[in-house]
Structures are given as C-alpha cells and as structure tokens.
Amino acid sequence: MAGRGRVWRIGAVGLALLLPLTGCEGRPAADPVRTEVQRMLDRRSAALLGHDEQAYAATGTRAQYTRLRALPLASFAYRVTAVRRTAAGATADAELSYRVAGYDKAPVDARRTLTLGRTADGHWYVATERPAREAGQQLWDQGTVNAVRGAHSLVLGTGGSAGLSGFARLADRAVPAVSGVWGTHWSRRVVVLVPESLAGMAALLGAPAADYKGIAAVTTGEAGGSGRAPADRVVVNPEAYAMLGDAGRQIVLTHETTHVATRADTTAATPLWLSEGYADWIGYLGTGRTPAEAAPELARAVREGEVPRALPADKDFGFTSDPVKLARAYESGWLACRMIAEQWGAARLGAFYRAVGTHGERPGAVEEALREVLGTTPQAFTARWQTYVTARLR
C-alpha cells in the first residue's frame with residue numbers, strides 16, 4: 001500500500017492429492033481436472049460480463065452475481081493455479097483479475113479460493129468463493145455492492161446507496177481542487193470504497209482493525225507510476241469518518257485524492273513527511289484553518305518549548321504509533337510543505353515533490369532536490385522550518 005490516510009481523532013475430510021503424470025517426453029501431462037475447472041470459470045466470467053444470470057447460475061452459486069451486478073466491469077477473469085481433490089469435490093486456488101470500466105488502467109489482482117462441487121453427469125460448479133488465506137477481501141465479499149457515479153468519481157459501498165452520494169459530491173469537489181494545484185496530467189478520476197464498518201475496512205486492506213482505528217481513510221495503490229497499476233482505491237473508515245464535520249470530510253477526500261493524483265511521482269525516494277504533508281497542504285487550501293487550528297498537537301508542543309529538532313521520519317507515521325506522536329508527524333509535514341509554498345511558491349513546491357520522486361532510492365533524493373529546486377541544504381531547510389513552525393504556532 002503506497003498511499004496512506006489522514007489521522008483524525010474524533011479439518012479437511014478425505015483429502016486426496018493429484019500426482020502429476022509424466023508424458024513420453026518427460027514433461028508433466030496437463031491435469032484434466034484443472035483444465036475443466038478453468039473452462040467452467042471462463043464461462044462463469046463471460047456470463048457475469050454479459051449480464052446472463054441464467055448462464056452464471058449454471059456454473060454454481062449465483063450469490064456473487066447479485067453482489068456484483070452494480071459494479072461496472074470492463075474485464076473479469078480467473079486463472080486457476082492449483083486444484084486439490086476432496087471427498088466432496090475439489091478446492092481450487094485462482095488468481096482473479098478485474099478492471100472497473102472507465103477507471104482502471106490495468107487489472108486489479110486478487111487471490112481467491114473456490115470450493116467446487118460436481119454434478120451427477122460430471123460437470124464442475126462453484127459452491128463457494130472466498131479470499132485466499134492472508135489475502136484481503138473484495139468489497140462484494142461483504143455484501144451487495146451499490147454504486148454511485150459522480151462527475152469525477154465512482155463510489156462503491158455495501159450498506160445501501162443512500163449515503164454514497166455524499167461521498168461522490170465531496171470527491172467531485174476534490175478532483176478539480178487537486179488538479180488546480182498539481183496539474184491535469186493524471187486520470188482525474190477517483191474510486192472510493194465505503195464498507196459498513198471499521199472491521200470491513202480492515203478486511204479490505206487485509207490488516208487488523210486496530211491498525212486503522214481513528215483513521216478516516218487510506219489510499220491504496222502502486223508507487224512509481226509503472227503504468228501497469230490500476231486506479232487507486234480510497235478506502236473509508238465509516239466510523240471515524242462519521243465523527244467529522246462537513247469541512248473535515250472534504251479535507252479527508254481531498255487529501256486522499258491528492259495521493260491518487262501524485263501516485264506516478266511518488267516513489268521509494270519520497271519521504272512520508274513530503275507525501276503526507278503535500279496531501280494535507282492541498283487538503284487544507286481554502287479552508288481558512290490557521291496553523292494552530294490545523295496542527296493542535298504540534299502547537300501544544302511548541303508552546304511547551306518542544307520545537308521539533310528534525311522533520312519526522314517514516315517510522316513516525318506508523319498507524320499503530322502513539323496518536324499524539326502520529327498527529328505531530330502529519331502536522332510537521334504539512335507545515336514544511338506550507339512553508340515551501342509560502343516562501344518559494346506553490347509551483348516550486350510541486351516541482352520539488354516531482355524532483356524528489358525522480359530518484360530510484362531515498363539516499364540523496366531530498367538533498368539534491370533541495371539544492372536544485374529550492375537552492376538550499378537540508379541543514380538550512382530544517383532550521384528555516386523550525387523558525388517557521390515556532391512563529392506560526394506560538
């Protein structure tokens with residue numbers, strides 16, 4: 001997961017293994033069962049894409065068809081990787097790849113496990129499907145997917161469509177707000193996933209719910225802009241999100257949309273203080289929030305004489321960190337980006353962000369960008385930032 005979120009407080013029976021058979025040339029012969037299962041799943045995928053519920057039902061349980069019906073799919077396909085025979089039928093491991101029409105440049109990949117049955121006349125069918133072990137859920141694993149399209153957004157949720165339109169409105173405001181600062185050389189579309197609970201959010205991310213308590217949203221995606229990655233997903237924690245006011249909700253969606261926009265220029269060389277600080281900087285633009293209002297924890301520390309000695313390290317942004325320390329990390333990054341925008345200009349801040357990301361690795365990336373774009377050194381920049389923080393928060 002390359003993008004992150006803004007902090008807001010507020011036994012098997014009768015198992016039999018299929019041994020590979022060897023052909024006359026010494027190569028394993030094709031497993032006929034695996035071939036049959038693959039063909040069945042191909043028919044199942046074609047029926048889903050063709051909106052043919054009867055043909056889909058002929059390949060097994062139709063529960064997933066109902067859950068997926070509202071999702072606009074451009075592609076949906078399984079690749080069987082293993083089949084294990086059981087007394088009741090078989091279990092298959094498969095790689096699922098799918099694309100959301102109009103949003104995904106490349107398929108989203110998910111590891112799946114399917115329980116298979118066999119009819120009296122020998123045809124395989126899907127009895128159940130679930131995420132593979134240690135793999136995250138897909139939204140439809142949690143219930144029927146509802147979809148709301150905005151001008152620049154697609155919001156997908158499982159708790160009914162009534163509340164999804166609000167997310168679409170905020171995302172539709174966020175996209176042009178981000179483009180107005182960052183530029184338009186990105187997809188200018190965002191996909192927002194809204195599960196029903198914190199537990200649902202964590203299940204989508206394949207992580208413990210405790211890691212995301214108090215986190216209003218996170219953005220998933222591949223850093224570096226390979227061109228092969230699908231559109232990012234903004235995953236909402238509805239419990240933390242519900243505790244925010246209208247302004248806070250907009251800030252969250254704008255922050256996460258910034259991560260989507262900057263993905264191609266965010267690499268292993270980009271420190272979290274810059275990626276999170278930049279997302280917060282755009283998120284807070286035009287809100288009228290003062291530094292003391294937007295950075296209350298850092299302001300409290302400064303008033304107590306605890307001016308930070310250095311910009312926060314990546315480890316300071318861990319979601320399981322002390323919440324006060326975590327808040328100060330975000331606030332420190334935001335004020336660093338705010339300072340650059342005020343003293344060098346917003347365009348120079350964007351250029352600095354891009355320049356850091358052009359490096360393939362962290363060492364030297366920030367130092368070189370500071371020198372080439374801002375004409376300063378790490379030591380001078382840090383001292384300037386400390387002065388800025390002190391002046392704005394006392």
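A polar contact is a pair of N or O atoms within 3.5 Å; within protein, one must be able to donate a hydrogen and the other to accept it. Keep that in mind for the first of these close-up views, which show a predicted model.

**View 1. Q138 and its surroundings.** Let's start in the loop between strand 4 (124-131) and strand 5, where Q138 is found. The side chain of Q138 makes a polar contact with the side chain of Y98, at 2.5 Å. Y98 is also one of the residues in contact with Q138 once neighbours within four places in sequence are left aside; the others are A110, R112 and L204. Q138 has a relative accessible area of 11%, and because buried means under 20%, this residue counts as buried.

**View 2. Strands 5 and 6 side by side.** Here strand 5 (residues 146-149) and strand 6 (residues 153-157) run antiparallel, joined by four bridges. To get from strand 5 to strand 6, follow the hairpin through three residues. Look for V148, which stands opposite V155 in strand 6. In a regular strand, side chains alternate between the two faces of the sheet.

**View 3. Helix 4 from end to end.** Helix 4 covers residues 164-182, and its 19 residues should span 27 Å at 1.5 Å a residue. The end C-alpha atoms of helix 4 are 26 Å apart, which agrees. Among the buried residues of this helix are L164, F167, L170, A171, A174, V175, V178 and W182. In an α-helix there are 3.6 residues a turn, so residues three or four places apart point the same way.

Key:
Residues numbered from 1 in each chain as written. Predicted model: local features only at pLDDT ≥ 70, side-chain atom pairs only at ≥ 80, totals over all residues. Heavy atoms only, no water. Pairing = 2+ DSSP bridges. Helix = DSSP H or I, 4+ residues; strand = E, 2+ residues; numbered from the N terminus. Buried < 20%, exposed > 50% of the residue type's maximum accessible area, 1.4 Å probe, protein only. Contact = heavy atoms within 4.5 Å. Expected span 1.5 Å × (residues − 1).
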